[in-house]
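Dear colleague,

Please find the structure below, handed over for your use. My notes on the contact between its chains follow directly after it.

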Amino acid sequence: MSSMGAGAGPGAAAAPKYTKKDFESDQDVRWCPGCGDYAILSAIQKSMPDLGVPKENIVFISGIGCSSRFPYYMNTYGFHTIHGRAPAIATGLRLARPDVKVFLVTGDGDGLSIGGNHMLHVLRRNVDVKILLFNNRIYGLTKGQYSPTSELGKVTKSTPMGSADRPINPLAFALGCGATFVARTVDRNIPHLDAMLKRAAQHKGAAFLEILQNCPVYNEGAWNVLYEKDSKLQFELRLEHGKPLLFGPQDDRRAVIMDGVVAKVVKAKDVPESALWVHDEKNVNAAKLIADLFAPEFPVPIGVLSAIEGTVYEDVLLEQERRAISDRGPGDIAKLLTSGDTWKI
Amino acid sequence: MAKSVAPATATKTRRELERAVVRFAGDSGDGMQLTGEQFTTESAWAGNDIATLPNFPAEIRAPAGTLFGVSSFQLQFGSQRVYTPGDRLDCLVAMNPAALKVHLADLKPGGLLIVNTSAYDKRNLDKAGYASNPLDDPALAERYRLHKVDMTGLTLEAQKDLPLNAKEKDRTKNFFALGLVSWIYTRPLEPTLEWIGKKFAKNKDVAEANTRVLKAGHAFGETAEIFGEHYTIEAAEMPPGLYRAMTGNRALAWGLLAAAERSKLPIVYGAYPITPASSILEELAMHKRFRIRTVQAEDEIAAVTAAIGASFGGAIGVTGSSGPGIALKGEGIGLAVMAELPLVVFNVQRGGPSTGLPTKTEQADLMQALYGRNSECPVVVIAPATPGDCFYIAYEAVRIAAKYMVPVMVLSDGFLANGSEPWLIPDPSTLPPMNVEFRTEQEGFFPYLRDPATLARPWVRPGTPGLEHRIGGIEKQDVTGNISYDPENHDHMVRTRAEKVRRVAQEIPPTSINGPATGDLLVVGWGSTYGSITAAVERAQADGKSVASIHLRHLNPLPPDLGHILREYRKVLVPEINSGQLVRVLRAEYLVDAVGFNRVRGLPLMSDEIHDAINQLLGERQ
């Protein structure tokens, strides 16, 4: 078995040596020039050979939106479904086929607005699906309406005087749903994106990876805080298990510390090492505090917020099935039909 | 009252009947459903043909004594074929005033009316809206054969030395009614005694209490002077074989089990609890050994899309619901049409629109099944005629869905779902073969390459090397499956998807005609009205009328011989529990002047009223 045990079942053929090219489909990619999706697609195609899974055992499922065109460009099995429902489709697929590795590509509208309910339940059930949520804080495919992650007061075509609804934080949402793996990365940080994809892929259960992504046409610069060299240096907080929450330039290092149950930013040199907040991926409560951090008051965390073990939905159901069969033998319709109260005429 | 029981001084007359219609009615807490089910089992033992109609409130624990809290169970049993639970009652058991008020109008003049007198107190009379006790009105006893029995008193008396509290003792009074009615219609008590033994194996006192009360009811009929005669109903002449009682929802579930076994594929059943479809999910969840994987989804949309995901994976995806849930599934069904994946959708129809009448029956979702989705979105639509037929219909749905790579909608309804009939157990090896093939050959593969006979595209399981491909809801080029916005291709694909559904007509056997092949009137039905229509038509035939009936199990596509058959009769009548849906389809499809007979009361159609409609139509001079 490969390192991707969650995907390929026992007895699955070892994956051949692939290159990025093996995962490129023959379809022309149709995103706008400069779209962050290009970088994500390329990074995913590049990371796929390292997963060690035969490509026929990989399925990409998507809903609707710019990001959801993704499966067409991957030379794996793929299903471009309907708006918001990809998590439910993936759940049914996993239940039918626990031997295939399922990736789910979605966006902030698809995954958190029309499909919010399904996202809740796929995470709660901990279905073994790798969820890649491209967050560009805007509706791109429908040409520029605000999304559930758009900031309050966002002026768009559908909100000429500014949006009235408060945004949702995808990481906090996922943690609140009981997700067993929650991480964030950025479309313009390819090495980090690659590392996060691999971590998500290796997780047993539902993995939720938010990918901050730029829409150059309708929401250019939404993540400038992590794109521009200066602000990135100021605000990017790399989460690493066992390492303290430190960020900022070397000559002005800052630390996020816990002040009671509240996060607080201090100058690193002002606090003793013992007062630093050491990141622990197993500490879900801490992850919930980290999820809420954002510039300018706080740094912007990227990396794995939380990775814990949890019961996997389809494992439980399929184990029940195995037990039922081993206890009483496979079903026999002829026997069932004549069981119980019957009478002869 | 107990003192009035005296040993029978004269032998009671026993009269033979061809059929009888009995309804047990009482408070939701009075155990009327159980009483009816047990009486049904006893009648099955007696060899009668049977049709049942359970009728209960949507409220789980409706306030005691109220009109809307009344629960009833009706059955017709006979020595001849029984097609319906019956129109008018021969016998009504009214356990409280509310039950009397709700159901009395259905009792035939001169019918047996049995009431539990101790429930007719001031409080219950008030709740039922009676200013005075209706039992004191002499007109009641003049119009019906009224039997006032203190069931509560006699029930308590029978258990007086048992260590149970008053409430526990009172709870058994439904079995007093059962014992009494069993005596009246000469039913064997053995099946109920066996049931008591099994059900209360761990509680000997409760078992003893129920046994005593049941026998007390029976003995009361035997000994009390008030019952002058009682009845026998000979065993019906039914095809020989092994029988069991079958409800529609269980039959749908078991049809899927048979399909799973024969196709050697797992079935993923996605559902969100909804009345009256929930018991399919519950039944399937008990049969994991058949590799039935049930998903209680977060909503109706997730239920259908989980099923579609399973079909994409190479399992049989099935979802089940009732009308409101089917409305929510519409977009998902469209995806299955577009992706050309097998999908089975059960719609156990109920009264609507919106929440409507959740526990009552209706067949008003035919248009929804045929047209209730955006754009040109044809699916196969089939409907069972009886509870037992649900078994064959579910199996057939899976077979067609997998063979044609198409969604199949099954239209059952609340009447079929909960109603039961004696069902001749089939030999599963006689079911049509289910040869599901997955494509593995790489040479010449395209995702939308079609089988010339069925137009089905190849079904490929993810995990098959070399056949990696993408499908989705966007229009695609035929054969290659590549995204295509080409106008001519879209027109071609719309026609191809429709033609694929049309070709299912090759699966439909010749339509069986009940009556002359040509004549004055043809009655056309579908779904659960089969029994009422057949009974009415056979009566009209016995009257010497030139009437025939056909019953459509296939609603899309329609049987290929239907157009020809319709033209062989001067008139066409289409009875439905809706405002006229099939009749519109027939008029549009065949340009025939078909006439509807429509009642939308949340109840099955009565065969009497269909009989009247037949006479009326035949009476019209041209």
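This is a predicted model: local features need pLDDT of at least 70, side-chain atom pairs count only at pLDDT 80 or more; totals for chains, interfaces and linings use all residues.

K344(A) has L242(B), in strand 9 of chain B, as its bridge partner. Strand 14 of chain A and strand 9 of chain B, the latter spanning residues 242-247, are joined by two bridges and run antiparallel.

The contact as a whole draws 50 residues from chain A and 59 residues from chain B. On the side of chain A that touches chain B, the elements that give two or more residues are strand 2 (77-80), helix 2 (86-96), helix 4 (116-125), helix 10 (313-328), helix 11 (333-337) and strand 14 (343-344) of chain A. Helix 2 of chain A gives the most to this side, with eight residues. Sorted by class, the side of chain A that touches chain B comprises 23 nonpolar, 18 polar and nine charged residues.

W254(B) is part of helix 10 of chain B, which covers residues 248-263. Is W254(B) buried or exposed? W254(B) counts as buried because it has 23 C-beta neighbours inside 10 Å, and the cut-off for that class is 20 or more. Leaving aside residues up to four places away in sequence, W254(B) touches L336(A) and F391(B). Along the chain, W254(B) and F391(B) are 137 residues apart, yet 6.2 Å separates their C-alpha atoms.

Yours sincerely

Notes. Residues are numbered from 1 along each chain as its sequence is written. Chains are lettered from A and ligands numbered from 1 in the order in which they are written. Two residues are in contact if their C-beta atoms, placed from the backbone, lie within 7 Å. Helices (H or I, at least four residues) and strands (E, at least two) are DSSP runs, numbered from the N terminus. Ala, Val, Leu, Ile, Met, Phe, Trp, Tyr, Cys and Pro count as nonpolar, Asp, Glu, Lys and Arg as charged, and the others, Gly among them, as polar. Two strands pair if DSSP finds at least two bridges between them. A residue is buried if 20 or more other C-beta atoms lie within 10 Å of its own, exposed if 12 or fewer, and partly exposed in between; C-beta atoms are placed from the backbone.
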